[in-house]
Number of protein chains: 2
Amino acid sequence: MTISNLPEWLQDVHFDDQGLIPAIAQDAATGNILMVAWMNAESLAETAATGRAVFWSRSRNRLWRKGEESGHVQQVLELRLDCDADVLLLKVEQVGGIACHTGRASCFYRRLDTTSDPESGTSSKWVTVDPILKDPELIYK
Amino acid sequence: MTISNLPEWLQDVHFDDQGLIPAIAQDAATGNILMVAWMNAESLAETAATGRAVFWSRSRNRLWRKGEESGHVQQVLELRLDCDADVLLLKVEQVGGIACHTGRASCFYRRLDTTSDPESGTSSKWVTVDPILKDPELIYK
């Protein structure tokens, strides 16, 4: 797909200098943020056409049809664009209830916890607060 | 702030080659996604220390204490990091109920609407579906 034959709604989207835009997947029912991945024009077009989330895998350098290996497909109920047209929001139904490759519902499972101690002062650390729902070895067989 | 004196929790965060990481601000009460902006290590450290969202403005090339002009400060109730450590999630209380510079509650006020017509086929467009709550000229005086 070249720029010249992109439909107008796709031309409205500001892809970065690598042709990518970040896309947030949010659980439409609970409001939980599930993950953030990247899309190029082709993956966004396929997402809109099929109603299934398709991303661009930067590590594998190819289209990534979310759930293609895990079965954890995201059905896209709504697509939104922000004021600068450089971030997408997908409201999705997460098949299987697991979005993260670690087997958790959401990729945002680490919380910054801060403790204050009169002697040592303030210290913070990332703490894993969400459970693994399914062993990744059973997801990616 | 140089890498060598960053606390461990900040070293756990994967900043990109420009020293930045995207940060999603989510309304802690409603779950609505308000905006996405960028942070560098300094803005993230200040956010964690003060409990007030501080971003890095790429256009102005300086720290951006959210609400510094508009008064629409974000009180950060929780900070989360995703599995790849390259996206942050801030659960916030949005002072004034307006996050977007357009005067809307959220920056994600455009929805992709698709219509199908037997003759012309399928067409999509971004439709503004959220109201302006306050005239931006009154916000940025």
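**Strands, core and symmetry**

Guide: E1(A) and strand E2 (residues 33-39) of chain A pair in the antiparallel sense, over 6 bridges. This is a predicted model, where local features need pLDDT of at least 70, side-chain atom pairs count only at pLDDT 80 or more, and totals for chains, interfaces and linings use all residues. Residues are numbered from 1 along each chain as its sequence is written, chains are lettered from A and ligands numbered from 1 in the order in which they are written, and side-chain values use heavy atoms, with hydrogens and water left out.

Visitor: What makes E1(A) and E2(A) a pair?

Guide: Two strands pair if DSSP finds at least two bridges between them. Strands are DSSP runs of E with at least two residues, and helices are runs of H or I with at least four, both numbered from the N terminus. E1(A) and E2(A) have 6 bridges, so they pair. A:Gln26 stands opposite A:Ile33 in E2(A). Their hairpin has 5 residues between the strands, and A:Gly31 takes a positive phi near 85° there.

Visitor: Which sense does the pairing of E1(A) with strand E6 of chain A have?

Guide: E1(A) and E6(A) (residues 88-94) pair in the parallel sense, over 5 bridges. A:Ile24 has A:Leu89 as its bridge partner in E6(A).

Visitor: What makes a nonpolar core?

Guide: It is a set of buried Ala, Val, Leu, Ile, Met, Phe, Trp, Tyr and Cys residues joined through side-chain atoms within 4.5 Å. The largest one has 72 residues. Those with the most contacts inside it include A:Ile24 and B:Ile24. Contact means heavy atoms within 4.5 Å. Not counting residues up to four places away in sequence, A:Ile24 touches B:Ile24, B:Ile33, B:Val36 and B:Phe108, among others.

Visitor: How do you know that chains A and B are related by a two-fold axis?

Guide: Copies are superposed by least squares on the C-alpha atoms of residues with pLDDT of at least 70 in both. Chain A can be laid on chain B with an RMSD of 0.0 Å, by a turn of 180° and a shift of 0.0 Å along the axis. That is the relation of a two-fold axis. In chain A, the C-alpha nearest the axis belongs to A:Gly31, 2.6 Å away.

Key. Buried < 20%, exposed > 50% of the residue type's maximum accessible area, 1.4 Å probe, protein only.
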